[in-house]
Amino acid sequence: MSLKVVYFAWVRERIGKGSEELELPESVVTVGDLIAHLATLGEEYAAAFEVPQVIRAAIDEEHAGHDEAIGNAREIALFPPMTGG
Amino acid sequence: MTADSTPPAKRPVQVTVRIQSSDFDISDEIGALTAGRADVGAVASFTGLCRDEGGRLSALELEHYPGMAERAIRAIAEEAAERFELTGLTAIHRYGKIAPGGNIVLVVACASHRQAAFDGAAFLMDYFKTDAPFWKKEHLKDGGAGEWVSAKDADDKAKARWRSRS
């Protein structure tokens with residue numbers, strides 16, 4: 001499965017890029033699985049996802065919990081808690 | 001059906017959401033929601049500005065998720081307009097580098113009566129803080145690299161009060 005993953009704020013800075021296309025192993029089903037998988041991809045990913053529970057996610061631009069299935073999503077975004085307003 | 005039971009024709013609710021780097025003018029935005037309408041009895045507005053945090057900051061930089069930001073804010077704004085029976089609602093959020101004293105966010109809520117206007121503006125701001133995909137990074141006056149602003153528990157609590165009330 002190929003998926004576009006986008007990163008924002010300190011998640012983006014720690015990984016060193018704003019987005020990438022990834023081939024995912026079949027074992028990645030949920031957003032939480034994706035975060036756990038990404039954390040194994042290298043030091044910079046491990047740093048970004050050091051505390052997985054603080055990471056917020058969106059599937060195709062809609063807020064999503066860690067237990068939500070990725071399904072046929074086109075784009076997953078991973079980012080810190082939002083601080084707008 | 002008698003003529004008496006027909007409700008008066010309702011004016012459409014004006015919901016405007018803009019994500020922009022440029023500044024906004026609050027008078028223009030209020031004017032756009034009130035011009036030509038005789039059903040607006042109350043206008044409540046909130047403007048969020050950049051603070052220098054006791055002289056420490058030279059700017060705040062706002063990063064956003066372009067695709068999602070407008071969609072997320074529009075969904076919240078439409079919910080607010082319906083829930084509080086607003087006649088109009090405008091939400092503007094800026095991105096990019098903003099110096100202390102500069103505008104960051106504007107919410108204008110219009111309604112027939114004041115409580116709805118106050119509540120509509122407060123509700124939208126509370127959701128802005130926790131659900132709109134924006135992130136603030138500090139730029140320091142001494143030139144050093146600033147930190148990303150941390151999310152506040154108080155903001156989650158502020159949002160939660162709207163849930164318990166409904």
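Two residues are in contact when heavy atoms of theirs lie within 4.5 Å. The structure is a predicted model, in which local features need pLDDT of at least 70 and side-chain atom pairs count only at pLDDT 80 or more, while totals for chains, interfaces and linings use all residues; side-chain values use heavy atoms, with hydrogens and water left out. Residues are numbered from 1 along each chain as its sequence is written, and chains are lettered from A and ligands numbered from 1 in the order in which they are written.

**Exercise 1. The interface**

Task: Describe the contact of chain B and chain A by its residues, its buried area and its classes of residue.

Solution. 
Step 1. Chain B contributes 25 residues to the contact, and chain A contributes 21 residues.
Step 2. Buried area is the accessible area (1.4 Å probe) that two parts lose on being put together, summed over both. For chain B and chain A this comes to about 1900 Å², with 54% of it on carbon and sulfur atoms.
Step 3. A polar contact is a pair of N or O atoms within 3.5 Å; within protein, one must be able to donate a hydrogen and the other to accept it, and residues adjacent in sequence count only if both atoms are side-chain atoms. The rule finds 15 residue pairs in polar contact across the interface of chain B and chain A, both residues being at pLDDT 80 or more.
Step 4. Helices (H or I, at least four residues) and strands (E, at least two) are DSSP runs, numbered from the N terminus. On the side of chain B that touches chain A, at least two residues each come from β3 (57-64), α2 (66-83), β6 (103-111), α3 (114-131) and β7 (134-140) of chain B. Of that side, α3(B) gives the most, with five residues.
Step 5. For the classes, Ala, Val, Leu, Ile, Met, Phe, Trp, Tyr, Cys and Pro count as nonpolar, Asp, Glu, Lys and Arg as charged, and the others, Gly among them, as polar. The side of chain B that touches chain A then has 14 nonpolar, five polar and six charged residues.

**Exercise 2. Salt bridges between the chains**

Task: State how many salt bridges cross the interface of chain B and chain A, and examine the pair E63(B) and R12(A).

Solution. 
Step 1. A salt bridge is a side-chain nitrogen of Lys or Arg within 4 Å of a carboxyl oxygen of Asp or Glu. By this rule, four salt bridges are found across the interface of chain B and chain A.
Step 2. E63(B) and R12(A) form a salt bridge with an N to O distance of 2.4 Å. This pair runs between chains, from strand β3 of chain B, which holds E63(B), to helix α1 (residues 9-15) of chain A, which holds R12(A).
Step 3. Buried means under 20% relative accessible area, exposed over 50%, and partly exposed in between (1.4 Å probe, protein chains only). E63(B) counts as buried because its relative accessibility is 15%, whereas R12(A), at 26%, is partly exposed.
Step 4. Another salt bridge joins E61(A) to R71(B), with the closest N and O atoms 3.4 Å apart. A network of salt bridges links E61(A), E62(A) and R71(B).

**Exercise 3. The surroundings of K137(B)**

Task: Is K137(B) buried or exposed, and what is K137(B) in contact with?

Solution. 
Step 1. K137(B) belongs to strand β7 of chain B.
Step 2. Its relative accessibility is 17%, so K137(B) counts as buried.
Step 3. With neighbours within four places in sequence left aside, the contacts of K137(B) are E13(A), A59(B), L60(B), E61(B), G146(B), E147(B) and W148(B).
Step 4. The side chains of K137(B) and E13(A) are joined by a polar contact of 2.6 Å.

**Exercise 4. Salt bridges within chain B**

Task: Compare the accessibility of the partners in the pairs R161(B) with D126(B) and D39(B) with R37(B).

Solution. 
Step 1. In the salt bridge of R161(B) and D126(B), the closest N and O atoms are 2.7 Å apart. The pair links distant parts of the chain, 35 residues apart: R161(B) is in helix α4 (residues 153-165) and D126(B) in helix α3 of chain B.
Step 2. R161(B) is partly exposed at 35% relative accessibility, and D126(B) is buried at 11%.
Step 3. D39(B) and R37(B) form a salt bridge whose closest N and O atoms are 2.9 Å apart. D39(B) is partly exposed at 27%, while R37(B) is buried at 10%.
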